[in-house]
Amino acid sequence: MDDLDKPHFRDAGEAREFLESLRWPEAPVCPRCRTIGGHYRLDGKAHRRGVWKCHACRAQFTVTVGTVFGRSKIALNVWLQAVHLLCSSTQPISSRHLQRLLGVSYKTARSMSRRIREAMKDESFARMARWVC
């Protein structure tokens, strides 16, 4: 559990910035039109944190669009904790144990572990998970 003291495991904003640096090392990429760069961050009271707008197609997107973390109400730092726990453990972690470690419901822990294990089959997610671990 000492590894979970890193800032991206404790704060959702830090987790988002960490994931942005992993997914977009040079510049954000629009998931809709695949344009690299030329995007701007939407800041202000009307927008939630981490929302970008594409200059080319005018679509709004975040770093979680098209990932295992997308379309989830679970905080991004909790997702990164789950990825870390599932990838760094020498023994398989049950959903019950994940529930106790993360402080989420059993249904949430089961859903998260299923989504993460399914995503680990994809090489790009497996590479990202190595950075998280």
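**Aromatic rings in close-up**

**View 1. Phe125 and its ring partner Phe69 in the predicted model.** Phe125 is buried, its relative accessible area being 9%, where buried stands for under 20% relative accessible area, exposed for over 50% and partly exposed for in between (1.4 Å probe, protein chains only). Phe69 is likewise buried, at a relative accessible area of 4%. The ring centres of Phe69 and Phe125 are 6.2 Å apart and the planes stand at 50°, so the pair is classed as tilted; rings of Phe, Tyr and Trp (its six-membered ring) pair if their centres lie within 6.5 Å, with planes under 30 degrees apart counted as stacked, over 60 as edge-to-face and the rest as tilted. This is a predicted model in which local features need pLDDT of at least 70 and side-chain atom pairs count only at pLDDT 80 or more, while totals for chains, interfaces and linings use all residues. Residues are numbered from 1 along each chain as its sequence is written, and side-chain values use heavy atoms, with hydrogens and water left out.

**View 2. The pair Trp24 and Trp52.** By the pairing rule there are four aromatic pairs. In one of them, the rings of Trp24 and Trp52 have centres 6.3 Å apart and planes at 85°, so this pair is edge-to-face. Both Trp24 and Trp52 are buried. Ring pairs also join Trp24, Trp52 and Phe61 into a cluster.

**View 3. Arg96 over the ring of Tyr106.** The charged end of Arg96 lies 4.1 Å from the centre of the Tyr106 ring and sits over that ring, a description that requires NZ of Lys or CZ of Arg within 6 Å of the ring centre and within 35 degrees of the ring normal.
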